Amino acid sequence: MWLNNILETIGNTPLIKLNKITKDIPATVLAKVDYFNPGNSIKDRMALKMVEVAEKEGRLKPGGTIIEGTSGNTGMGLALAACVKGYKCVFVTTDKQSKEKADILKAVGAEVIVCPTNVLPEDPASYYSVAKRLAKEIPNSIYMNQYDNLANRQAHYESTGPEIWQQTEGKITHLVCTAGTGGTITGTAMYLKEKNPNIKVWAIDVFGSLLTKYYHTGEKDMHEVYPYISEGFGEDFVPANYDMSVIDNFVQVTDKDGAIMARRIAKEEGLFCGYSAGSCLQGLFQLKESLTKDDVVVCIFHDHGSRYVGKIYNDQWMMERGFLEVKTFKDIVSGRANQKLITIAPDNTVIEAVALMKQYDIDQIPVWDNNEMIGSLSESGLFQKIFINPEIKDATVASVIEHSFPIVEFTTSVEKLSSLINKENGAVLAKDDSGNYHIVTKYDVIQSIAK
Ligand SMILES: Cc1ncc(COP(=O)(O)O)c(C=O)c1O
């Protein structure tokens, strides 16, 4: 059994129950995990549909060029279709999108043009304007326009909706989905509401997008629009793919909450999803009060985490944006406030030092004289010396002393600590506000990073 080409693997993605992360939600929560598509996102579905419709309508001819303004996922789907069907692709994207996304598009043969994010759609430099201009300039080309091209929502009406209906055996009570072009939520909801008009459809938006206010008031308020960090959803205009009448609520999620939730989904459920999956589940948490135990909620997880390894899955990136607390020396030792630093004096013997290290189960010990550190002893250093000369066990600590540990500020970040701890240097010391010294070892740093 084989498939004729990669496009035949699009769709029929799994619906997976969330367990740990949703323990405080009084309903069954299922994730439609669409990173199982060949391009790693749900957008493969609508990309193929837009190509097929354009071919059928005679707007896309053999050897033609597909032009699109895309943040990456739609581009990937279009590029796969173009590979199989013999078209060229030119994608216009914004400088906000992950570099990985653009590189992936180039890997599948597309040309990628990057435009500034912080300009209005009608600005000639915006990615919408550039895509439209290129479509006029390049002969035998077509601007797909996923925003206003209704083949987008049609794809979800024909595939995503029916799959969810079948996979839940018609038991779905709520659909929760991040909303960008509106294709996924509108198409899927149109199908599901035809099957059961009582199904509730909740759209998840981001602060900085005008969609939520538009949904609630009908006003396209540009004061709502400001740059945001989340990727793939939220808009600064209302695309034609929306039919707001199939949506029952619209809520906004912060960049921080979405990012943190995506990381939790990966850690707690083993689903390595993209940013918007985190926002989607965060949105559900914000609305969980209206759920009951009999509800069956389907959250759509649009894409895969691999596209965000340099972003939400990178601790440094998260810390720089204030999404993750910067852990410091102080945080590591906070649980052992009353613990006295174990030290040894230079005139103690090696055997006494070994006994002390054994008693406290420590690998290294600062050598202390007159209230200051004059050096250290380490298990590995002592082992080597005792191995060469067993008599040394009766010698003084001073005769086998190694270099002092670095002394840092109490507020030094874990990142800085890990750069100070190495093969030669197994620990660092810092003084707390009451003047007591504390020690942080390689093991402590590893533990704190792994938490
Ligand atoms: C990662 C991601 N999440 C959410 C969406 C929103 O989906 P839609 O455009 O169908 O509303 C997109 C769309 O590009 C996306 O790429």
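Modeller: Happy to! Helices (H or I, at least four residues) and strands (E, at least two) are DSSP runs, numbered from the N terminus. The model is predicted, so local features need pLDDT of at least 70 and side-chain atom pairs pLDDT 80 or more, while totals for chains, interfaces and linings use all residues. Residues are numbered from 1 along each chain as its sequence is written, and side-chain values use heavy atoms, leaving out hydrogens and water.

Colleague: Which element gives the most to the lining of the second largest pocket?

Modeller: On a 1 Å grid over the protein atoms alone, a pocket is an open set of points where a 1.4 Å probe fits, with protein on both sides within 12 Å along at least five of seven lines; lining residues have an atom within 4 Å of a point. The second largest pocket has a volume of about 730 Å³, a volume being the space filled by probe spheres set on the points, which are joined across faces, edges and corners. Elements giving two or more residues to its lining are α2 (73–85), α4 (127–137) and α6 (183–195). With three residues, the one that gives the most is α6.

Colleague: Where does the ligand sit?

Modeller: A molecule sits in a pocket if more than half of its atoms lie within 2 Å of the pocket's grid points. By that rule, the ligand's place is the second largest pocket.

Colleague: How far is a polar side-chain atom of Thr184 from an oxygen atom of the ligand?

Modeller: A polar contact is a pair of N or O atoms within 3.5 Å. An oxygen atom of the ligand is 2.7 Å from a polar backbone atom of Gly180, and one is 2.6 Å from an N or O atom in the side chain of Thr181. For the polar side-chain atom of Thr184, the distance to a ligand oxygen is 2.5 Å.

Colleague: How much space lies in the largest pocket?

Modeller: The largest pocket is lined by 32 residues, with Ile362 and Asp363 among those nearest its centre. The space in this pocket is about 850 Å³.

Notes
A polar contact is a pair of N or O atoms within 3.5 Å; within protein, one must be able to donate a hydrogen and the other to accept it, and residues adjacent in sequence count only if both atoms are side-chain atoms.
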